[in-house]
Amino acid sequence: AAAENSRTETGVGALPEGYVWSAHFRDAGREPDMQAPTLFGNALYYFTLFYDIERQIHVREIYVQEEGEEARQLLTYGKEDRNRLEEMEVGEDGSLYILYGENYADSKCSVYKLEKLDQELRTVYSVDTTAGMEDVKAILDMELGADGTLYGMTRDGTVLYWDETGVYQGRFTVPAKQMGTNGGTLGLANAGDFGIYVYWGGNVEGEGNRIHLYSLERWRELDGEAQLNTEPLKVDFGSAEARVIAGTYDVLMVYSGYEDGLYLSDKDHLWQINMTDGSLELILAWEDIFLKAEYVQEIRRQEDGGFLLYIFDTLEQEHYWVTVKGIPASEIPEKRELVLGIAGEYWFNESLVSDIEGVVLSYHRMHPECNITIREYEEKAVSRFQMELLKGEGPDILLERETFFDMEDLAEK
């Protein structure tokens, strides 16, 4: 039975006493090139991208994949015409908001349009927005506010916005720029009644890795001088009950939490951000549900207090739907304990342990009745390993690569 989490105005609350998180995985296919994934209900909307060398145009195809079903193609841009999809967004009613350009040539379009389509792909509006796209090279992200305002942001922090009828209203700039491929994150996130936020993450001199949040509803009302004197909401890492550690490429990720505000994902945990003071409340540890933070594509709270995740396992090259629920700990069967011994180097003196964690998580997903503990052996540990074998306390499995172990000699002993 799933447990309902306690939820407050500022936090999702902890699991009830005696409950633990449980994850159920379902295969979702192998689509490798998924752009702008967005969960609506139990359906994922995204587009794919490839470059047509002969026609010199990017082809983008919009898909929807409902949980347990094959993906369905909805729309195509650039395949049969010279149109270019810039960005898309999905509304809470299932409507599609599509920004695209016509007659793409010489790295630009002659006309830009913003369209809203209902769930049956019927046109609600189609508005010329060419004037709003002047000097804009590309839209990085889009989000729809509760009041119907649609926001689009570029890589240099310029934010464009349109009203509920698709009419362009103007632009402003927040002090947030994409920092390149290493050490930074930038995007838009939906915090429900708290509004739409720009999130910026990167290294701040003297402070280390930080996350700054800018309320767009507030920022667009400020003049230039007021913007200079307005501080963003800073996520308070010091409030966390466990250390916040940046993951792959030194990146921390922010996800739309809608009615929950915003979520922060670090290497080991998923947190909820308090939208008043930036403090962090722990939701779950990724390891407890057999995941790595870098796998997670989308997160959505469910009515029962659990979560629906869409992930891409970079090791298996597979997508999964993941249902996460709270269940009584008494329902978890006793696990068989296995010890995996690891010795050797993976790459450039990097321990094999750093590359094996994903394999262990995958094994746990397929064999939840087992629990693998990793035991690492360094060069000076040969005698310790021999003593463990003699006592019958050695690892159940030994993985070694170009190591100091002489396996033939150990076998003889």
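**Figure 1. The hairpin of strands S20 and S21 in the predicted model.** Six residues separate the two strands of this hairpin, and Gly278 takes a positive phi near 80° there. Strand S20 (residues 269-273) and strand S21 (residues 280-285) pair in the antiparallel sense, with five bridges between them. Within this pairing, His269 is placed opposite Ala285 of S21.

**Figure 2. Strand S20 and its pairing with strand S19.** Strand S19 (residues 261-265) runs antiparallel to S20, and four bridges join the two. Ser265 stands opposite Leu270 of S20. These two strands also form a hairpin, here with three residues between them.

**Figure 3. Burial of strand S20 on both faces.** S20 is mostly covered, five of its five residues being buried. One side of the strand carries His269, Trp271 and Ile273, the other Leu270 and Gln272, and all of these residues are buried.

Figure 4. Leaving aside residues up to four places away in sequence, His212 touches Val198, Tyr199, Trp200 and Val204, together with Pro232, Leu233 and Lys234.

**Figure 5. Salt bridges of Glu388 with Arg375 and Arg384.** Side chains of opposite charge can pair when their charged atoms come close. The side chains of Glu388 and Arg375 meet in a salt bridge, at 3.2 Å from N to O. This pair links distant parts of the chain, 13 residues apart: Glu388 lies in helix H4 (residues 382-390) and Arg375 in strand S27 (residues 370-376). Glu388 forms a salt bridge with Arg384 as well, with the closest N and O atoms 3.2 Å apart. Both Glu388 and Arg384 lie in helix H4, four residues apart, which is about one turn of the helix. Glu388 counts as buried because its relative accessibility is 11%. Arg375 is partly exposed, with a relative accessible area of 25%, and Arg384, at 38% relative accessibility, also counts as partly exposed.

**Figure 6. The salt-bridge network of Asp118, Glu120 and Arg122.** A network of salt bridges links Asp118, Glu120 and Arg122. Within it, the side chains of Arg122 and Glu120 meet in a salt bridge, with an N to O distance of 3.2 Å. Arg122 and Glu120 are both exposed. The structure as a whole holds 18 salt bridges.

Note on methods. Residues are numbered from 1 along each chain as its sequence is written. This is a predicted model: local features need pLDDT of at least 70, side-chain atom pairs count only at pLDDT 80 or more; totals for chains, interfaces and linings use all residues. Side-chain values use heavy atoms; hydrogens and water are left out. Contact means heavy atoms within 4.5 Å. A salt bridge is a side-chain nitrogen of Lys or Arg within 4 Å of a carboxyl oxygen of Asp or Glu. Buried means under 20% relative accessible area, exposed over 50%, partly exposed in between (1.4 Å probe, protein chains only). Two strands pair if DSSP finds at least two bridges between them.
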